[in-house]
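Please read this briefing alongside the sequence and the 3D view. The points below are grouped by topic.

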Amino acid sequence: MKINLNKIIIILGSIALTSCQTLNHIGLVQSKNDAIINVQNHHNFLNSSREYKKCIDEGHFFDRKASQSKDNSLSLYSKSADILSKCELILGDYTTIVSDEERMKNNALSIQNYLKSGRLKVASRSLEQFKNKFNKDLIYPDGSSFTKNAESILDFSNDKGSLNLEMTNNNQKIKSELKRAWYWIKK
């Protein structure tokens, strides 16, 4: 009787191991793993979305504070720019969470705030990254180009002359300020 019981245990153990292997081969175990991976990816997607929104809100908060402040505006613009530039890193592989236009606007605000805070080298690097990342431009409501405006301000020391400046797609206020500055530099 003892021998028969051992044989039955060995046969049942073999069947159990074979059935596990069969389930794995027909994909039942794999589909369960895929479902878990999909849930984890969805969870990461939602976390990235929330973190990005929180980061952007914080960057915009400091931008508003800087525009209202007279004493600390340079440091607040700098803080806003730093925060907004780091928000893009939160997205990682989930760049589809946010539209390209919204991401471009947030990156542009970061560059603009670097300019306002006087951090021109960082603004210049960020502008180059912006152009490489998006391969398109933001157009302001007045029809001027974000990249042309930023490039003109960053290349202020290179007097292009009035004719060249008029041919660029810059904001009229920026054109007139650059002309005024060039006039006084020559004097």
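**Helix α3 and what follows**

In this predicted model, the buried residues of helix α3 are S73, L76, Y77, S78, S80, A81, I83, L84, C87, E88 and L91.

*Length and end of α3*

- Helix α3 covers residues 73-91, which is 19 residues.
- At 1.5 Å a residue, α3 should span 27 Å, and its end C-alpha atoms are 28 Å apart, so the two values agree.
- Just after α3 comes G92, which has a positive phi of about 55°.

*Nonpolar cores*

- Nonpolar side chains in soluble globular proteins tend to be buried together.
- The largest nonpolar core here has 14 residues, and F130, L138 and F146 have the most contacts inside it.
- Two or more residues of this core come from each of the elements α4 (100-117), α5 and α6.
- Another core, of 13 residues, lies apart from it, and its members include I56, F62, C87 and L91.
- C87 and L91 are also among the buried residues of α3.
- Leaving aside neighbours within four places in sequence, L138 is in contact with E101, M104, K105, A108, F130, S144, S145 and F146.

*The loop between α5 and α6*

- N135 is in the loop between α5 (120-134) and α6 (146-154).
- Most residues other than glycine have a negative phi.
- N135 is not a glycine, yet its phi is positive, at about 50°.
- Is N135 buried or exposed? N135 has a relative accessible area of 65%, so it counts as exposed, the cut-off being over 50%.

Technical notes: Residues are numbered from 1 along each chain as its sequence is written. This is a predicted model: local features need pLDDT of at least 70, side-chain atom pairs count only at pLDDT 80 or more; totals for chains, interfaces and linings use all residues. Side-chain values use heavy atoms; hydrogens and water are left out. Helices (H or I, at least four residues) and strands (E, at least two) are DSSP runs, numbered from the N terminus. Buried means under 20% relative accessible area, exposed over 50%, partly exposed in between (1.4 Å probe, protein chains only). A nonpolar core is a set of buried Ala, Val, Leu, Ile, Met, Phe, Trp, Tyr and Cys residues joined through side-chain atoms within 4.5 Å. Contact means heavy atoms within 4.5 Å. The expected span of a helix is 1.5 Å times one less than its number of residues.
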